[in-house]
Amino acid sequence: MTGIDKITAHIEADAQAEAKSLLDDAYAKAKDSIAEYDKLAHDEYVRIIQEGVKDCEDKVQRMQRLANMEAKKEVLAEKQDIIQKAFLSAQDRIVNLPEVEYIEFLATLASSSAKTGQEEIILNQRDKDKYGLRLLKAANEKLNANGIAGNLQLSEYIGKFAGGLILKQGSIEINCTIEILIELCKDEMSAQLSEVLFD
């Protein structure tokens, strides 16, 4: 082997050693990078899973809150419906009191609401036909007993209400219908009814 061949062989051996060293370094760096990126990928995966789990939990909680609110709304609506039925039942019971009691009730309404004793009493058709004259007599007697000249008259006008009456003098009307009387006490009575029915 000549000197040039030796030099060439030595250069080639050095180059191969240098290349191997560079490749070993590159492989080591690549292995470190892969491990680092694996750890980053794993950390990101864990973060995404945790966020997903939290997001699911938040959605479930929101859905539970919405379901609870809807259930409460339905219960409240049902309670209000029951209370409304109770008021309608009360109205029906008043309108269908025994004759003597109903006439007394209407006469008391008329006499206690009359201001002059000259008002007209407006009744619905049933009450006018069935109780009109007896009511008129009883109401005027109550007014006279209270020191007011009782001269109430039955109106020709027929009211469209379930029961009770309207007193009218000129353009002034005093509404004593069962519907209005019940409506006026609804706020106060609703709370009491709710306690009785639901507590």
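Predicted model: local features only at pLDDT ≥ 70, side-chain atom pairs only at ≥ 80, totals over all residues.

Visitor: Why is threonine 177 called buried?

Guide: Buried means under 20% relative accessible area, exposed over 50%, and partly exposed in between (1.4 Å probe, protein chains only). Threonine 177 has 4%, so it is buried. This residue is in strand S4, residues 172–177; helices (H or I, at least four residues) and strands (E, at least two) are DSSP runs, numbered from the N terminus. Beyond its neighbours within four places in sequence, threonine 177 is in contact with Phe161, Gly163, Gly164, Leu165 and Ile166, where contact means heavy atoms within 4.5 Å.

Visitor: What makes serine 89 partly exposed?

Guide: Serine 89 has 38% relative accessibility and therefore counts as partly exposed. It belongs to helix H1, residues 3–95.

Visitor: Is glutamate 188 buried or exposed?

Guide: Its relative accessible area is 56%, so glutamate 188 is exposed. The residue sits in helix H5, residues 186–198.

Visitor: What makes up the largest nonpolar core?

Guide: A nonpolar core is a set of buried Ala, Val, Leu, Ile, Met, Phe, Trp, Tyr and Cys residues joined through side-chain atoms within 4.5 Å. The largest has 20 residues, and Ala110, Ile121, Leu135, Leu152 and Leu165 have the most contacts inside it. At least two residues of this core come from each of helix H2 (99–113), strand S1 (120–124), helix H3 (125–145) and strand S3 (164–169). Another core, of five residues, lies apart from it and includes Ile83, Phe87, Ile178 and Ile182.

Visitor: Why are H2 and H3 called oblique to each other?

Guide: Two packed helices are described by the angle between their axes and the distance between the axes. Axes are lines fitted to C-alpha atoms, for helices over the stretch in contact, with angles from 0 to 180 degrees between N-to-C directions. Angles under 35 degrees count as roughly parallel, over 145 as roughly antiparallel, 65 to 115 as roughly perpendicular and the rest as oblique. The axes of H2 and H3 come within 8 Å and cross at roughly 55°. H2 and H3 are therefore oblique.

Notes: Residues numbered from 1 in each chain as written. Heavy atoms only, no water.
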